[in-house]
Amino acid sequence: MKNIYIFICLVAFFFISKEIAYAEDLPVKSLEKADIEISSDGTGGYSITQKIQLSGEGPTQNNQVEHTLTRINDITPINLQFIHNGEELDYTVKEENSLARYFLQLPEETKGSFEYQIQYELKVEPGVFTTPLFVPIYPAEGQNNVVTIDFETTQENIIQRNSFPILKKPENNQVTSYLMNIPSHVNYIYGHERNILNSYNVISWVSIFILLGIIVIWIRSELKNSRAIGGVN
Amino acid sequence: MFEISPEFYYVIIGYFILVLAVGWWAGKNNKTSEDHLVAGRSIGALVGGAALAATQMSAGTFVGTMGVHYLTGASYIWFWPGLWAGWLVAAIWIAPKFQKFNGVTVPEFVEARYNTKVGKIIAAILIIIAYSVYLIAQYVAGGIVMQTVFGIPMIWGAVITIGITMVYTLKGGMKATAYSDFVQALIMAGCFFAAIPLLFSQAGGFNFVGNFLTDLDSTITGWHYGAKELIGFGAAFGFSMAIAPYELARIYTLRDAKTVRLAIGFSLIFQMVVAISVTLGGMGMRSLFPVLQTGDSASSIMAINVLPPIVGALLMVAILASIMSTVSGVMIVSSSGISHDIFGVLKPNATDRQKMMVNRVAVIILAFIPLIFAIRPFDMVQFIVMAQASLVASFFFAIVLFGLNWRRASKAGAMAAMIGGVITVLIWLFVLDKPYNINEVIPGVLISTILLIIVSYFTKPVPEENLETFFGKNHISNVNKHPIKNV
């Protein structure tokens, strides 16, 4: 037993004699809040306003804030404006194959928290509902839903449940989604009638039935085996 | 805080009812400790394989690994072949022989092979401490999932998850654990068949996601990690998995050596489905949400904001299932360490009924101790969580692998290997501060192996009667030598 005590003492020594060093938290910029309004004319025209608030004292490279914009379905923004305190801000664009990087030039005196607005329009093909959004490269801190997306289409349309972000309950022509960060695009699907047999519902119920089916078949075969073993005994 | 569809409540509550029912059904015929701890050695290849896979996958797989893929991209998937190499080592040189030994606990093997009660107790203590503390991370993860879905405080979420796991483990023992693991593994692998295509259809398709991520950061679709790092990860996981006591304990539950090999094969299929899905899941989420503060939130956001409610709820259930299957496996292994290894040595004439009573009390105590540390974590806890897999691997790898395959491995060699391996890990981590960024398990296992070989050559061999169990022509099983009495 002596060996056990020596071993335990050795292990305990190593654990107790070492203190944990935590990385020091550095101040970084983060997404404080984003309110996004998307208005659809029901024929593929979208008008979008993103109100963004950044916070934190962290550095910005060349006093610029970088944003990504997905080029999904080759959609590009029209009449794009970055606005701060009612004034339009300069920006530069770096185009790549599947995304574009927009570098917003901040005013010279900018320190700490910074609020601005991005306004643009989109025109998409009929049957396409993908709506690209500008994503600043700073993440939101914590676990709160700091991003609100209000989507509205014309009154004769109904927003379907197979949209992204997913709808929590059936909606009409208006929906508000709450998220932890800005997605690269949203996909609010709408039509004149509620489509119950959409791909999401079908895949969901098929998944449940397949899983339950396998479990039931397995339980039945286990019961059969145990009865057979019981019979032999 | 997330906004949740009501379907989440129904699916999660339905899942809890299902695993409790399966646990009750599986455990209703348990009479002896052999029934309780090794499921009467009755588990077949499919259920056994699913149980091996479910036990191996934890909250870390669905939350942490997906988070790493979210942040770093595809290259991290190459740690899996290292882990699977560990499984192959187990399938060829370890698991079938372990199954034939017909033991109940892993420390029991240490005693039987090396003729050492001290080694058995050290092994039991290491398992109990390392795994109990390891549970803390699982408890916190379970609490966070329940908090996310039901909005209840994290600690109550942990209590509910652990409470349900404890109930079916107590009632049904290893059989309930294996059966519920089968259901859990089905959900873990099955949910992805729906989830991944839906995720990619929302993200713009496989081609677009690949192009987008390459433009966003070329290392996401290329090589974020280099060969040296990936070999290090793979070796660390492989060494740990080949001899993980919570997996070896499950090997005892399988019918025969052939079943063991088949079960490991099935387990690899489940793991491959999850490995590929978790990789694709992390990358798909990166293209939908390019800047999340932590990759760990990718799986929850995918479940709640991207997937349809029923599939999303199944993904949350898969995370809960991965936690519960790991917790139940660890509970069984740790509690049997107390009831059969430590209590068995302290009271050699204890009856099977007494051991079972101690086992059940141990399950309850070991279930709640980590809960206290989950509420009030202290520095040492974080160290043990960080080092536990390496400590266990460095302790067991050489003595199990060589013990089953090399007659000359001696008691002194085993003691040197166990202690040397653990001390090497501690020095590598806490004194040398992980030089060359090499995972501590690699020097730990190497030193342990070298010590076992050298010391064994210069010391007295293990008595022939101990070797007969493992190398004898008649291969007498442990159970035949020490039959377990019925209660």
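This is a predicted model: local features need pLDDT of at least 70, side-chain atom pairs count only at pLDDT 80 or more; totals for chains, interfaces and linings use all residues.
Angles of 65 to 115 degrees between axes count as roughly perpendicular.

**Two helices in chain B**

- Helix 3 of chain B covers residues 45-56, and helix 8 of chain B covers residues 154-203.
- Their axes come within 8 Å and cross at roughly 70°.
- Helix 3 and helix 8 of chain B are therefore roughly perpendicular to each other.
- Helix 3 of chain B brings Leu46(B), Val47(B), Ala50(B), Ala51(B), Ala54(B) and Thr55(B) to the contact.
- Helix 8 of chain B meets them with Ala178(B), Tyr179(B), Asp181(B), Phe182(B), Ala185(B) and Met188(B).
- By class, this contact of helix 3 with helix 8 of chain B has 10 nonpolar, 1 polar and 1 charged residues.

**Where chain B meets chain A**

- On the chain B side, 62 residues are in contact with 64 residues of chain A.
- About 5700 Å² of area is buried between chain B and chain A.
- Carbon and sulfur atoms give 71% of that buried area.
- Which residues of chain B lose the most area to chain A? They are Gln202(B), Asp215(B) and Val291(B).
- Together, Gln202(B), Asp215(B) and Val291(B) account for 12% of what the chain B side buries.

**Polar and charged links between the chains**

- How many salt bridges are counted between chain B and chain A? The count is 1.
- Glu7(B) forms a salt bridge with Arg161(A). The closest N and O atoms of Glu7(B) and Arg161(A) are 3.8 Å apart.
- Across the interface of chain B and chain A, 15 residue pairs are in polar contact, with both residues at pLDDT 80 or more.
- Helix 8 of chain B gives the largest share of the side that touches chain A, with 9 residues.
- By class, the side of chain B that touches chain A has 49 nonpolar, 9 polar and 4 charged residues.

**Backbone details in chain A**

- Phe164(A) and Pro165(A) are joined by a cis peptide bond, with omega at about 0°.
- Where does Pro165(A) lie? Pro165(A) is in the loop between strand 12 (158-159) and strand 13 (174-179) of chain A.
- Asn79(A) is not a glycine, yet Asn79(A) has a positive phi of about 50°.
- Asn79(A) sits in strand 4 of chain A, which covers residues 78-84.

Key. Residues are numbered from 1 along each chain as its sequence is written. Chains are lettered from A and ligands numbered from 1 in the order in which they are written. Side-chain values use heavy atoms; hydrogens and water are left out. Axes are lines fitted to C-alpha atoms, for helices over the stretch in contact, and angles run from 0 to 180 degrees between N-to-C directions. Helices (H or I, at least four residues) and strands (E, at least two) are DSSP runs, numbered from the N terminus. Angles under 35 degrees count as roughly parallel, over 145 as roughly antiparallel, 65 to 115 as roughly perpendicular and the rest as oblique. Contact means heavy atoms within 4.5 Å. Ala, Val, Leu, Ile, Met, Phe, Trp, Tyr, Cys and Pro count as nonpolar, Asp, Glu, Lys and Arg as charged, and the others, Gly among them, as polar. Buried area is the accessible area (1.4 Å probe) that two parts lose on being put together, summed over both. A salt bridge is a side-chain nitrogen of Lys or Arg within 4 Å of a carboxyl oxygen of Asp or Glu. A polar contact is a pair of N or O atoms within 3.5 Å; within protein, one must be able to donate a hydrogen and the other to accept it, and residues adjacent in sequence count only if both atoms are side-chain atoms.
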